[in-house]
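Let's take a walk through this structure together, one stop at a time. Please keep the view open as you read.

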Amino acid sequence: MSEIETNDQVRDQARYNPAEIEPKWQARWDADPELYTAEGHEAGRPKFYCLEMLPYPSGQLHMGHVRNYAIGDALARFMWMRGYNVLHPMGWDAFGLPAENAALKNNTPPREWTLKNIDAMKKQMRRMGLSYDWSREVTTCLPDYYRWNQWFFVKMFEKGLAYRKKSKVNWCPDCQTVLANEQVINGRCWRHEETIVELRDLTQWFLRITKYADELLDGLEKLEGWPEKVRTMQRNWIGRSEGALVNFAVDASVQNANADPSTPLRYAQDDTCNVITVFTTRVDTIYGATSIQLAPEHAVAKAFAAEDPALALQIEALLEEQRKAREADDLGGIEKHGVNTGRFAINPFTQERLPIWVGNYILADYGTGAIMSVPAHDERDFEFAQKYGLPVRRVIAAKEGEQPELPFTAEDDAVLINSREWDGLSCVEAQQKIAAFAQKQGFGEATVTYRLKDWGVSRQRYWGTPIPMVYCLNGHDSPEPGKPCVEPGGVVALPESALPVLLPEQVEITQEGGSPLGRIPEFLNTTCPVCGGPARRETDTMDTFVDSSWYFYRYTDAKDDAAPFASEKANYWFPIDQYIGGVEHAILHLIYSRFWTKVMRDLGLIHNDEPAERLFTQGMVIKDGAKMSKSKGNVVSPDDMITRYGADATRMYALFAAPPDRDLEWQEEGVAGISRFLGRVYRFATKYVDVAREGREPHIVGRTETDQKLLRKLHQTIAKITQDFSGRWHFNTSIAAIMSLINEIVAAEAAIDAGQVSPAAVAEVMRTLVLLLTPFAPFFAAEMWEQIGGEGVVFRTPWPVADEELAREDEIEVPVQVNGKLVNVVTLAAGSDEAAIKAMALADEKVKARVEGKNVVKVIVVAGKLVNLVVK
């Protein structure tokens with residue numbers, strides 16, 4: 001009996017047991033703190049910064065997390081094997097509302113709850129075998145991190161990028177706090193999907209993101225490695241519009257008949273309600289304006305309502321309709337209603353008195369909250385005018401031919417009519433000249449507006465970064481020439497020596513009555529850092545998106561206590577080579593992090609303009625018809641899957657079940673199937689361990705036919721997986737290619753046992769198979785690498801290189817069609833030229849029978865793909 005057969009009897013009893021294999025290797029990896037540590041920025045090897053978005057420590061990972069992390073982990077291991085200096089860190093987005101909710105529900109302090117969850121999730125990540133450099137771990141709720149949030153805030157204040165103002169803000173009744181515009185999704189809170197967001201007037205801190213609006217927009221053209229969907233979403237959110245501002249004076253000579261003559265007009269906002277400023281992208285149509293329309297919350301509408309109780313009720317009804325449409329996520333489809341205020345505004349170009357209306361479809365936070373209505377050239381205005389009998393006046397005409405029906409909204413090949421001295425001008429030329437005229441006359445100007453608004457960062461919460469500002473109660477003179485005096489109650493930034501402003505530990509959280517910090521005298525009461533007099537601390541905390549706007553820079557120098565990070569380290573690692581996360585972050589996190597990067601560049605901390613060179617947005621994990629999430633109660637714990645099938649099978653399923661950019665429909669049977677596949681590989685590998693150990697000398701001469709067939713399939717698989725990693729990341733097809741390779745190997749098992757496959761070929765196939773599995777199943781690969789006598793750490797072993805000659809097929813199959821219909825498939829030598837392919841097709845018996853008696857008009861040959869005969 002041969003040695004192989006003897007080993008077969010012994011090893012065929014071996015079974016793949018991840019419950020033994022995986023903890024064994026995790027213990028070894030945990031014992032080597034340098035295993036996943038990136039080299040310093042002085043390393044001579046090319047760098048690769050691979051990053052998955054950091055999670056909120058909710059307490060438990062689910063399979064949606066696993067899919068994200070498995071993608072990044074596979075890529076990181078592949079790049080190590082390609083010889084790169086890889087940075088692959090992880091941290092925790094640790095501030096946020098859920099910790100406060102847990103404090104209320106469980107009477108557990110937010111810090112304690114958060115750190116306990118981090119410990120639990122970190123253990124899960126280790127058990128998954130994820131290759132993170134934990135020496136760079138960042139936890140955003142700890143002072144060694146959030147002190148730098150405060151440092152950045154002070155720097156932005158000094159640069160005029162952080163400021164305080166009273167404005168309308170989004171208020172979530174459930175969160176009991178302010179939301180940024182980006183955190184309002186379809187009129188609802190981004191955390192509470194059923195909660196309608198209210199508008200309130202509050203004094204808040206803002207970051208001047210609009211200063212970078214053009215650069216944020218223009219920079220999208222350079223982000224070729226980002227999904228077009230994300231870039232489009234950001235373009236739309238920034239919402240750049242070129243147009244003009246025009247001032248329409250309110251006709252003070254006319255007062256609403258219902259108004260009390262003794263009641264003066266009450267002004268709002270900037271104490272001027274005698275002018276309505278309109279933004280329009282079509283100032284060329286201003287001679288066709290037949291009314292002015294205001295949002296129900298516009299300052300002038302409020303002023304009119306204050307002097308006319310009946311009008312006030314009508315405007316309130318319009319506002320309620322708007323609220324209901326917002327609640328139904330149907331602002332665009334709202335049935336248009338309006339009310340005539342009885343007041344007029346003067347068109348500065350024509351001196352015509354235009355009626356002032358209030359409309360339920362005009363939004364206070366869009367443009368200026370006021371429009372000039374030009375029914376002849378705007379579909380929405382036309383609909384409103386038809387409903388209320390307002391005049392319709394054509395002022396734009398087609399350049400040639402019959403005049404189209406109204407509303408006529410085209411600008412190309414159109415000219416102005418009924419517009420006095422501007423008649424005959426093209427729309428674009430008129431827009432420029434009319435705006436310039438308005439500016440010269442002092443009642444308007446050309447301008448650019450943005451949908452993007454400054455980022456409101458004040459939150460009336462406890463569990464967030466304290467804003468490092470105080471209010472000097474007595475006021476003081478200027479501390480140095482060129483700086484203004486501070487009035488009593490004025491704001492003063494804390495110096496760097498006073499940072500961090502620490503969150504107090506013992507806090508009663510009620511989620512009522514504003515920030516809990518305002519009820520803690522020892523926090524609230526302080527001294528002014530300039531004059532030493534009494535001062536009051538700011539009690540709002542920062543939006544938690546501040547924490548995630550720059551965390552990836554801290555990874556490059558996580559232990560630095562003198563700066564957010566060392567510039568030379570950040571400049572080595574940035575931009576991130578591959579960033580991985582959900583598309584739901586396209587507006588919030590990704591636009592804020594781009595803004596923060598540009599601010600840091602302008603502060604001289606970094607050189608790069610954008611945080612990430614490439615972005616990948618993975619699909620969601622779907623279960624029971626909905627995205628897997630804790631709030632929906634449909635999560636699957638990876639712990640359960642690991643217990644049943646092992647971490648490698650769990651990870652591989654997340655990569656195999658669907659292309660990574662598509663949604664994955666969860667099926668536990670799929671994990672079981674991957675586990676059976678790994679068991680099959682394990683049985684084969686353990687059977688031929690000795691052959692793999694002893695037959696490692698390369699050979700070229702004397703290969704058997706089976707050798708050649710196996711090696712061809714092997715090198716085709718190498719090429720396929722290498723291409724997948726370098727291109728579209730279709731890891732599902734990579735794993736399918738490995739499965740196909742295993743089928744070929746198992747089919748050759750009898751030949752191997754019979755000595756028809758050389759030991760060198762078996763050894764090459766075994767060794768390479770383990771390396772190909774390494775990014776996807778690292779525990780399994782480490783175990784098999786050790787068994788076959790591999791040297792060193794398997795995922796630091798060079799990635800195999802495909803041999804093009806070995807991978808090339810000897811023969812190819814080419815379909816032959818007649819008039820586009822398949823007749824037969826012919827086999828011929830690989831690399832055959834067009835003449836040989838044509839001759840082979842015409843010589844085929846089935847083809848000859850099909851074309852007999854017909855004239856072959858044309859033979860189309862697509863080399864290596866198909867032949868099509870056109871006959872008559």
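Gln-351 is exposed, with a relative accessible area of 54%; exposed means over 50%, buried under 20% and partly exposed in between, using a 1.4 Å probe and protein chains only. This is a predicted model, in which local features need pLDDT of at least 70 and side-chain atom pairs count only at pLDDT 80 or more, while totals for chains, interfaces and linings use all residues. Residues are numbered from 1 along each chain as its sequence is written, and side-chain values use heavy atoms, leaving out hydrogens and water.

You will find Gln-351 in the loop between β13 (338–346) and β14 (353–359); helices (H or I, at least four residues) and strands (E, at least two) are DSSP runs numbered from the N terminus. Although Gln-351 is not a glycine, its phi is positive, about 65 degrees. Asn-107, also not a glycine, has a positive phi of about 55 degrees. Its loop runs between α4 (97–106) and α5 (110–127), and Asn-107 is exposed with a relative accessible area of 71%. Most residues other than glycine have a negative phi, and most peptide bonds are trans.

Now for two peptide bonds. The one from Leu-406 to Pro-407 is cis, with omega near 0 degrees, and Pro-407 sits in the loop between β16 (396–398) and β17 (414–416). Leu-499 and Pro-500 are also joined by a cis peptide bond, with omega about 5 degrees; Pro-500 belongs to the loop between β22 (490–493) and α13 (521–524).

Next, look at a pair of helices. The axes of α19 (residues 668–687) and α25 (residues 778–787) come within 11 Å and cross at roughly 5 degrees, where axes are lines fitted to C-alpha atoms over the stretch in contact and angles run from 0 to 180 degrees between N-to-C directions. That makes α19 roughly parallel to α25, a label for angles under 35 degrees. Leu-678, Val-681, Tyr-682, Ala-685 and Thr-686 of α19 make the contact with Phe-780, Met-784 and Gln-787 of α25; contact means heavy atoms within 4.5 Å.

Which residues does Lys-846 touch, not counting those up to four places away in sequence? They are Val-823 and Asn-824. Lys-846 lies in helix α28 (residues 845–851) and is exposed, with a relative accessible area of 51%. Its C-alpha atom is separated by 83 Å from that of Pro-355, 491 residues apart along the chain.

Definitions and conventions. Parallel < 35°, antiparallel > 145°, perpendicular 65-115°, else oblique.
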